[in-house]
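Please look through the structure below before reading on. The numbered points that follow are meant as a first guide.

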Amino acid sequence: MTQSNTELSPRANARAAGGLWWLCILSGMVGFAVGAPLIVANDATATATNIVTKESLFRLGFVADLISGVSYVGVTAFIYYLLRPVSKSLSLVGAFFGLAGVAIGGASWVIHLTPLLLLHGDQYLTVFTTSQLQAMSLAALKLQTQAFPIGMVFFGIQCMSIGYLVARSTFLPRILGILLAIGGTCYVIVSLSNFLAPSLGPHFLPFLMPIALIGEGLLGGWLLVKGVNVQHWNEEAS
Amino acid sequence: MTHKAKEWSPKARARLAGAFEALEGFTSTFGQVNILGKLLVVGNAAATAANILKHETLFRLGFASSLLGVVFHLAWAFLFYQLLRPVNRSVSFCALLVILVGCTIQALTALLYLAPLLVLTAGSSLSALTEQQLQALAYLFLKLNGLAMDTNLVFFGLWCVLTGYLIFRSTFMPRILGVLLAIDGLGWMTFMSPPLGHYLFPIIAVACGLAEIPLQLWLLIFGVNNERWRAQAEGIQEASSDHADAADAEAPKRVAVRLPLFL
C-alpha cells in the first residue's frame, strides 16, 4: 500500500488550528494591553510623548499584532482543511473571508508604524511644527484602530460559516459551532454599529466582545486539547 | 484522453514557477531598489521631490514595474501551491494564504509608491501646505512604501519556512533546497522588527543568495521529477481514501523513493 506519511493527520491539523487560534487570541490581547495605554484620547502631545519614551513597548504592541494576524492565517488554513469534508465550497468561502480580514490587517500594520517615522525627529520633517507631527501621528493611530473593526466584519462572517460547518459536522460537538456562529454575528454587529452609530457602538462592545471570544476560545481550546473524532472525520471525508 | 493532455505536466509547471519567480524578482527589484534608489536622495526631501518631477516617466516606470511584480508574485504563488500540494495539503494551503497576504501588502506598496506624485503635482488644490511641507509628505510616503515592503518580507519569510519544509518532505525535489530556503525564510522574518531586519540584512542577503538562486535555477533547468511527483500525489489520494490516519494509526513506512540530500 503506497501511503504518503507526509500528510498531517486530522488530529494534528485540529491541534495546529486550535493552538494557533489561542496564540492569535493571546497575542492579540497582548497587543491591545500594551498598545492601548499609550494612546491618550484626544491628546496628541501626550500620546506622542508616550510613544517616544516607551518606544520598545510600542514596537512590542506592533509585533504582537503581527503575530496575531500571522497565526490567524494558519487558523484559517487548518480549519479549512478540517471542515472541507462537511462542505468543500462553504469551507473555502470561509477561508477567503478570513484571508480578506488578514489582508486588511496588512494595511493596518503599515499605518501602525507611521508614528515612529513622524516622531523620530528626522531632518526632512522640520518643515512641520512639532505639534503638527504629533497630530499627524495621532491621526495615523486613529486610522489604525478603525482598520480593526473593518477586518472584524470579514472575520465575523468567517466565524459564522465555520460555526455552521462545525454544527453540521459529526466529528465536533454541535454546541461549539453554535457558540462560534453567535460570536461571529456579534463581531459583525459590533463592527457595523461602530461605523453606523459611533455613539452607540462602544456601548455594545463590552457585552458583545466577550460572547465572541467565548465562541472562539472554546472551539480553539477543544481543537487543541481534544482534536477531532478521527473515525467520524474519516467517514465524512470518504 | 484529450482533456488530460491539455493539463501541464508537473515539470512544465515547475519551470513556469521558476520563470515567474525570476520575473517577479527582476521587476520588484527594478522598481523598488534600482529606480527608487536612483531618485531618492536619503534625508533630503527637496532633492528627492525635484528628482521625481524631473524624471517623472522613470518614476512611473518604477511604479509600474513594482506593480507588475505583484502580478508575477501571484502567478508563482499558485504554481508553487499546485506543485507542493501532494506533499501536504493543509500546510501547502497555509503557505498559499500566507503568501497571498504578502501579495496584498506588496500591492499596498504600489499605492504608497504613487502617492508622492499625487502630492507633488497637486497644484493649487493643496496650496494650504507649503512647498517644503508637500515635499516632506512625498518623502514620507516613500518611507512608508519601504515600511510596507518590510512587512511584506515577514510574510515572504514565513512562506519560505513553510515551503522549505514542504520541499524537504517531498520526494521530487532535493532536500537541501528546502533546508536552505527555510534558513533564508527565518532571516526575512526578522523584519518583524524593521531595525533588526535592516541590521542583519548583509547576513540575510547571503542566505537569500544561497537559497533562492539555486532554487530558481533548479526549477528552471530540472523542474521536478514527473514520475516521483505523480507517485507522491497518488500516495496522498490513497491515504485519504483509505480512511487511514497516519499519525494515530501505526506510522506506515515511506514507500516512495527519496532523492539524496545533494541531488
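1. Leaving aside neighbours within four places in sequence, Gln216(B) is in contact with Gly18(B), Glu21(B) and Ala22(B); contact means heavy atoms within 4.5 Å. Gln216(B) sits in helix α8 of chain B, residues 194–221. Helices are DSSP runs of H or I with at least four residues, strands are runs of E with at least two, and both are numbered from the N terminus. Gln216(B) has 19% relative accessibility and so counts as buried. Buried means under 20% relative accessible area, exposed means over 50%, and partly exposed lies in between, with a 1.4 Å probe and protein chains only.

2. A word on the basis. This is a predicted model, in which local features need pLDDT of at least 70 and side-chain atom pairs count only at pLDDT 80 or more, while totals for chains, interfaces and linings use all residues. Residues are numbered from 1 along each chain as its sequence is written, chains are lettered from A and ligands numbered from 1 in the order in which they are written, and side-chain values use heavy atoms, with hydrogens and water left out.

3. Chain B as a whole. It has 9 helices and 0 strands. Along the sequence the pattern reads α-α-α-α-α-α-α-α-α. Chain B has 263 residues, and 51% of them are buried. Take the contacts in chain B between residues at least 6 apart in sequence: 79% of these join residues at least 24 apart.

4. A helix pair across the two chains. Helix α4 of chain A (residues 88–119) packs against helix α6 of chain B (residues 131–169) at about 135 degrees, with axes 10 Å apart. Axes are lines fitted to C-alpha atoms, for helices over the stretch in contact, and angles run from 0 to 180 degrees between N-to-C directions. α4(A) and α6(B) are therefore oblique. Angles under 35 degrees count as roughly parallel, over 145 as roughly antiparallel, 65 to 115 as roughly perpendicular, and the rest as oblique. The crossing of α4(A) and α6(B) is right-handed. A crossing is left-handed if the near helix is turned anticlockwise from the far one by less than a right angle, and right-handed if clockwise.

5. Who meets whom there? From α4(A) come Trp109(A), Val110(A), Leu113(A), Thr114(A), Leu117(A) and Leu118(A); they meet Leu140(B), Lys143(B), Leu144(B), Leu147(B), Ala148(B), Thr151(B) and Phe155(B) in α6(B). The residues of this contact divide into 10 nonpolar, 2 polar and 1 charged. Ala, Val, Leu, Ile, Met, Phe, Trp, Tyr, Cys and Pro count as nonpolar, Asp, Glu, Lys and Arg as charged, and the others, Gly among them, as polar.

6. The cores. The largest nonpolar core holds 115 residues, and those touching the most other members are Trp21(A), Leu223(A), Phe155(B), Trp159(B) and Met173(B). Its largest share, 18 residues, comes from α6(B). A second, separate core of 13 residues includes Phe59(B), Phe63(B), Leu120(B) and Leu142(B). A nonpolar core is a set of buried Ala, Val, Leu, Ile, Met, Phe, Trp, Tyr and Cys residues joined through side-chain atoms within 4.5 Å.

7. Not counting residues up to four places away in sequence, Val154(B) touches Leu66(A), Trp188(B), Met189(B), Phe191(B) and Met192(B).

8. One residue of α4(A). Leu92(A) is found in this helix. Is Leu92(A) buried or partly exposed? At 30% relative accessibility, Leu92(A) counts as partly exposed. Apart from residues up to four places away in sequence, Leu92(A) touches Tyr80(A) and Phe93(B).

9. A pair within chain B. Helices α2 (residues 10–39) and α5 (residues 89–120) of chain B pack at about 30 degrees, with axes 13 Å apart. α2(B) and α5(B) are therefore roughly parallel. Their crossing is left-handed. The contact residues of α2(B) and α5(B) divide into 3 nonpolar, 5 polar and 1 charged.

10. A loop residue to check. Asn42(A) lies in the loop between α1 (10–35) and α2 (44–53) of chain A. Its phi is near 60 degrees, a positive value in a residue other than glycine. Most residues other than glycine have a negative phi. Asn42(A) is exposed, with a relative accessible area of 66%.
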